[in-house]
Amino acid sequence: KNKFKPNRNSIIEHFLDKDKKSNNHKKQYKSKHPLGTDSDGKDKMYVISNATLRNIQYALVAVIPFLLFGILSGLMLSFGRRKTAIGNKKQIFNPLNIGYYVLDWFIKILHSFPVVIVILVGVLFVENSITPELRIYGLMFFFGSFCVPQLAYDIEKEVNSLRKKEFIKAAEALGVSRFRLIVVDVLWFSCRDIIFSRSMNLFLAAIAIEIFKTFYMSSSSATTLGTLFNPNYWFDYKSQAIVFVGMVFFSVRWFTERLIYDDGVTYG
């Protein structure tokens, strides 16, 4: 209790406070607490850092199934359909073609749902069927899984573009293995800008969903960025939370653009 002194000014409040004599009840700025302390005596930087790390953890729960199912679905849509050569008998019950059409049908159904409706249904579903500690994880997994068609169709479109340029035939004629063709040539050199941009967009969307859900429903069992906008925290964290969330969004977008672009030229 003696380590933190309550209501300590932040570095901005310390240097912008003109009437310091009338505010002697406030503890002044110290280097140990650059953002000051809240009404409970907790260091604001420590609280905001823990909340940000927890939001990153939640967002990764949405990004991992999005990448896993999205990449696999895109590759299966691109390479899964088998063509029948001229003169060969067409197999009526070909397992590969059946799997391709089932996957294509399933992806089209997922793609037909608006994202806003998916989020609302996901919130209602997890609130009524999952324990409070796992609700946010279920919502993030639900959101990431329903966004899979965006990545799958982008990968299929890129592969079809390579196929029209006869890149696939040229690689097969040169003896390039199917594993190297898919992992190195297609996913890394041709589709990595799509994968990075889609993943970062989903990552930021997951953080925003947690903030709005926690702010309006107050159902989070831990301190997150959403709880800092809650009325119980708003008095202490209103300026720091807004600035920090803005920094997170802009820095992640800048990082994504630096990975994808180099002097205005897209990799691949």
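**Reading the model together**

Modeller: Gladly! Along the sequence, the protein chain runs in the pattern α-α-α-α-α-α-α-α-α-α-α-β-β. That gives 11 helices and two strands. Please keep in mind that this is a predicted model.

Biologist: How much of the protein chain counts as buried?

Modeller: Of its 268 residues, 38% count as buried. As for contacts between residues at least 6 apart in sequence, 69% of them join residues at least 24 apart.

Biologist: Let's take one residue. Why is V159 called buried?

Modeller: V159 sits in helix 6, residues 148–164. Its relative accessibility is 0%, and buried means under 20%, so V159 counts as buried.

Biologist: What does V159 touch, apart from its neighbours within four places in sequence?

Modeller: V159 is in contact with S78, F79 and V186. V159 and S78 are 81 residues apart along the chain, and their C-alpha atoms are separated by 6.4 Å.

Biologist: F79 and V186 make me curious about their helices. Which residues of helix 2 and helix 8 meet?

Modeller: I71, L75 and F79 in helix 2 meet R178, I182, V186 and L187 in helix 8. By class, this contact has six nonpolar, no polar and one charged residues. The axes of helix 2 (residues 44–79) and helix 8 (residues 178–190) come within 13 Å and cross at roughly 115°. Helix 2 passes helix 8 in a right-handed crossing.

Biologist: And what makes helix 4 and helix 5 roughly antiparallel?

Modeller: The axes of helix 4 (residues 115–129) and helix 5 (residues 135–146) cross at roughly 150° and come within 9 Å. Angles over 145 degrees count as roughly antiparallel, and therefore helix 4 and helix 5 are described that way. Their crossing is right-handed.

Biologist: Which residues make that contact?

Modeller: From helix 4 come V115, V118, I119, G122, V123, V126 and E127. From helix 5 come R135, G138, L139, F142, F143 and F146. Sorted by class, the contact of helix 4 with helix 5 has nine nonpolar, two polar and two charged residues.

Biologist: I notice E127 and R135 in that list. How do you know that their side chains meet in a salt bridge?

Modeller: The N to O distance between R135 and E127 is 3.1 Å. The cut-off for a salt bridge is within 4 Å, so the pair of R135 and E127 qualifies. Both R135 and E127 are buried. In general, side chains of opposite charge can pair when their charged atoms come close.

Biologist: How many salt bridges does a search of the whole structure find?

Modeller: Five. One of them joins R178 and E172, at 3.2 Å from N to O.

Biologist: Are R178 and E172 buried, exposed or something in between, and how do you know?

Modeller: R178 has 43% relative accessibility and E172 has a relative accessible area of 41%. Buried is under 20% and exposed is over 50%, so R178 counts as partly exposed, and E172 is partly exposed too. There is also a network to look at: salt bridges that share partners join E127, R135 and K213.

Biologist: What about D104 and K108? Why are they said to be about one helical turn apart?

Modeller: D104 lies in helix 3, residues 95–112. D104 and K108 are four residues apart in helix 3, so about one helical turn separates them. Their side chains meet in a salt bridge at 3.4 Å, N to O.

Biologist: Why is D104 called buried, when its accessibility is 14%?

Modeller: Buried means under 20%, so D104, at 14% relative accessibility, counts as buried. Leaving aside neighbours within four places in sequence, D104 is in contact with L77 and Y153.

Technical notes
Residues numbered from 1 in each chain as written. Predicted model: local features only at pLDDT ≥ 70, side-chain atom pairs only at ≥ 80, totals over all residues. Heavy atoms only, no water. Buried < 20%, exposed > 50% of the residue type's maximum accessible area, 1.4 Å probe, protein only. Contact = heavy atoms within 4.5 Å. Axes fitted to C-alpha atoms, helices over the stretch in contact; angles between N-to-C directions. Parallel < 35°, antiparallel > 145°, perpendicular 65-115°, else oblique. Left-handed = near helix turned anticlockwise from the far one by under 90°. Nonpolar A, V, L, I, M, F, W, Y, C, P; charged D, E, K, R; others polar.
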